[in-house]
Amino acid sequence: MANHTSRNGATTTRGPGRWRCTRLATFTLATAVGVSGCDVLDELVAVDAPSRIVAEILEEPGNAATLMASVVGDFECAFAQYVSAVGATTQEFQYATGGFGWRSYDQRDFEPSGFNAAYVNSTCSTPQQGVIPGVYKTLSTARWQADHFTELLETWPAAEVPEREGFLARSAAFSGYSHLLLGEAMCSAAFDVGDELMPPQIFELAVARFNTAITGAQAQGDAATLNMARIGRARALISLGRHSEANSDAQQVPGGFVHNAGYSSISARRENNVFVVNHRTENVTPEEYFRTIGDPRVRLEDQGRDSPLGIPLFYQTKYPTASSPIPIARWEEAQLMIAEAELQAGNMAGAVAAINAVRTRPGVDLPPFESSSADEIREQLLFERQVELFLEGHALGDIHRYDLPLVPPPDTPYPTGGFYGGDRCIPMPDVERVNNPNVPSS
């Protein structure tokens, strides 16, 4: 196995079909270095001063369950950071104190390199005790881990991995979600030293992964993975303008279904980042619109004091502890996609019925919405998505899908100086452009 030193000075271990592990603080995104496999083995293997884990130790059929856990753990860490970052970018959260990287999210003014490029620099290897969340590197790592594990499974004899087919379906589902979120957040992205891809191309890759997950989950009778992948595929298909196909997927999701990302207070890496940055470090607070929205699904607690920046501090209580799960996919989201598809098809009654399925379900019991106006139904659908999917990582994708105006508008004075930016998506980081020969430098 050979070592490779990238242009940014990071040394990585490379080799065909190897799980690449490194303890260096930086890495070349274009080489898509794995991280979580190292973290998992730290808990399983005690060795003196391990700068790297020999790939053969991990890449064995007998370690398939550990590698599957690594795929899930990488995604769950990336997902929690993504929800925090998207919340700040879309005014679900408001910058409350400390950290210029937070300000770049809140101000919608992203730097593709440098100290304040938190969306690039922050990783799941960085303790999450108040860290500014990452997006590109975290999701790229999760995507690579899932796809590489799939490659390993496809080379191992089925007899040596009894759960092989189930692992293939689950790994494809998590790869699908990593692609999906990158497509919703990024202006462009690249994978495995490949070409620069635009969001529609990334969504197509997500659909392909979800296709694999759905086929495999159906064969295995794995209802959880099946419905998670159906919702993910519907979300990608709607972003591609394929509403009828998305409707078909969403219609098959059973009532009450939810697939959560799990978190734990056992370590900083495993904590719910949304809780950490709002409750513990108070870097962000729910934005004024949500503080005054008056919908019971947006659950907040007034702390009765201001942040150092003079902003009223509220705690969201959707995730009341560091161990609170975050929904990746759930029935309510499927219903709102049905409403969107029916509205697009001109079926106003069908759209209203789907909206009311969410509003009037037990435990919510809001008055039913009534209208036959396409404009009014669209406005209500957007509101339902704001409150029902609050702090679940949907808001930035909604800005793109519905071509929503940025709030506050670009060039509005920013509270701590300067002006709000007009970034509607997160730019590809310079580290990718520098280290990937297939991506234009500018």
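How many aromatic pairs does the structure hold, if rings of Phe, Tyr and Trp (its six-membered ring) pair when their centres lie within 6.5 Å? By this rule the count comes to eleven aromatic pairs. The structure is a predicted model, in which local features need pLDDT of at least 70 and side-chain atom pairs count only at pLDDT 80 or more, while totals for chains, interfaces and linings use all residues. Residues are numbered from 1 along each chain as its sequence is written, and side-chain values use heavy atoms, with hydrogens and water left out.

**Confidence**

- Where pLDDT is low, the predicted coordinates should not be read in detail.

**Aromatic pairs**

- Planes under 30 degrees apart count as stacked, over 60 as edge-to-face and the rest as tilted; phenylalanine 149 and phenylalanine 167, with ring centres 6.1 Å apart and planes at 50 degrees, are therefore a tilted pair.
- Because phenylalanine 149 lies in helix H6 (residues 136–155) and phenylalanine 167 in helix H7 (residues 164–185), this pair ties together parts that are 18 residues apart in sequence; helices are DSSP runs of H or I with at least four residues, strands are runs of E with at least two, and both are numbered from the N terminus.
- Tyrosine 177 and phenylalanine 210 form an edge-to-face pair, 5.1 Å centre to centre with 80 degrees between the planes, and both residues are buried (under 20% relative accessible area, with exposed over 50% and partly exposed in between, for a 1.4 Å probe and protein chains only).
- Ring pairs also link Tyr177 and Phe210 with Phe75, Phe79 and Phe174 into a cluster.

**Salt bridges**

- A search of the whole structure finds 27 salt bridges (a side-chain nitrogen of Lys or Arg within 4 Å of a carboxyl oxygen of Asp or Glu).
- Glutamate 388 forms a salt bridge with arginine 297, the closest N and O atoms being 2.9 Å apart, and both residues are buried.
- Glutamate 392 forms a salt bridge with lysine 318, whose closest N and O atoms are 2.7 Å apart, and this pair links parts of the chain that are 74 residues apart.
- Glutamate 388, arginine 297, glutamate 392 and lysine 318 are among the members of a network of salt bridges, which also includes Asp295 and Arg330.
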